[in-house]
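I opened this structure to look up a few things and wrote down what I found. The entries follow the order in which I looked.

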Amino acid sequence: MASVSSQPQFRYTQPPSKVLHLRNLPWECTEEELIELGKPFGKVVNTKCNVGANRNQAFIELADLNQAIAMISYYASSSEPAQVRGKTVYLQYSNRQEIVNNKTTADIAGNVLLVTIEGQDARLVSIDVLHLVFSAFGFVHKITTFEKTAGFQALVQFSDGETATSARNALDGRIIPRYLLSDNIAPCTLRITYSAHTDLTVKFQSHRSRDYTNPYLPVAPSALDGSSQFNLGLDGKKLEPESNVLLASIENMQYAVTLDVLHMVFSAFGPVQKIAMFDKNGALQALVQYPDVQTAVVAKEALEGHCIYDGGFCKLHLSYSRHTDLSIKLNNDRSRDYTIANPALVNP
């Protein structure tokens, strides 16, 4: 039998309370699961689910103080910890004596939804994809996207709470349809709650925020090209001038990426003429030249966000380079001209 001192998850300095604080719960733990956990010790009269930034905490209120003490005492001395869906749950007395309101902001219906996009490529989901998904339920007024500790999130504003509720009920827990996403984006799931906001403030149209009620809203300065003319794609991002040379940045480099590896990856879309590798700001980058723009466009669309190695390692981020013809002065392990029949001739 484990001693009390070996159970750091129990806060004995807190005075006993019939309200217990539970931590390390699985995502979207339900009220039924909490009641089932407390049932052997007495009647659970109130609950508060999905508390905290990661929504993995909860409170349960038992009908009697002795029942709460019995539950804490049992798990403090038991060799088998409290579990929900196979996850160990940590219990302690709450500093509150009752759960006054079981309704959190996330439970109170409103016209603005807080959307968390889950998936390894969540941040690649564009604002236009979100607009298409939520517009199926009514006119979307505004959308803003941002990144928090919970992940990539968005606020979606409808005209009224009824429309927002219809969208939430239909989309919560659903996967974004595959046909709306690029082939290189992994499946993404929507988790939706209500927001306390009622009217979002959007100062600029951009790839991170959009006001569909005000077509005259200025475009973000970052979305202007050098000639001060609007040059935006459908997602509000500045359109890059297409080029036959791609600039590849590689992140999460757990394995070595050689010239031959890059040649093999990019040759899948057409003949690679030249490659030049270099280090910039502590990260590996490379310039990859194709014979024409069309081949480079196909390669960019297919390889953006692609991981060279399984497990999310050596992820590619691609953009168009201003170069059109790379100057390769010598063939070595950092640069290569594949248009020369005998590469050795270029070596010093």
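Entry 1, a charged pair. I looked up R191 and found its side chain in a salt bridge with that of E118, at 3.2 Å from N to O. I count a salt bridge when a side-chain nitrogen of Lys or Arg lies within 4 Å of a carboxyl oxygen of Asp or Glu. R191 sits in strand 10 and E118 in strand 7, 73 residues apart, so the pair links distant parts of the chain. I take helices (H or I, at least four residues) and strands (E, at least two) as DSSP runs, numbered from the N terminus. R191 is partly exposed, with a relative accessible area of 24%, and E118 is partly exposed as well, at 27%. For these words I use relative accessible area: buried is under 20%, exposed is over 50%, and partly exposed is in between (1.4 Å probe, protein chains only).

A note on the source: this is a predicted model, in which local features need pLDDT of at least 70 and side-chain atom pairs count only at pLDDT 80 or more, while totals for chains, interfaces and linings use all residues. Residues are numbered from 1 along each chain as its sequence is written, and side-chain values use heavy atoms, with hydrogens and water left out.

How many salt bridges does the structure hold? I noted nine. One of them joins D128 and R210, with the closest N and O atoms 3.7 Å apart. D128 lies in helix 3 and R210 in strand 11 (residues 209-211), so this pair ties together parts that are 82 residues apart in sequence. I found both D128 and R210 buried. I also looked at D325 and K274, whose side chains meet in a salt bridge of 2.8 Å, N to O. D325 is in the loop between strand 16 (313-320) and strand 17 (335-337), and K274 is in strand 13 (residues 274-280), 51 residues away. K274 is buried, with a relative accessible area of 9%.

I looked for nonpolar cores, meaning sets of buried Ala, Val, Leu, Ile, Met, Phe, Trp, Tyr and Cys residues joined through side-chain atoms within 4.5 Å. The largest has 26 residues, and those with the most contacts inside it are L113, V115, I117, F134 and L190. Several elements each supply at least two residues of this core, among them strand 7 (112-118), helix 4 (161-171) and strand 10 (189-194). Helix 3 gives the most, with five residues. Setting aside residues up to four places away in sequence, F134 touches L113, V115, V140, V156, F158, A167, L171, L190 and I192. A second, separate core of 25 residues includes V261, L262, I275 and A286.

Is F266 buried or exposed? F266 is buried, with a relative accessible area of 0%, and belongs to helix 5 (residues 259-266). Beyond its neighbours within four places in sequence, F266 is in contact (heavy atoms within 4.5 Å) with residues including L246, V272, Y290 and L318.
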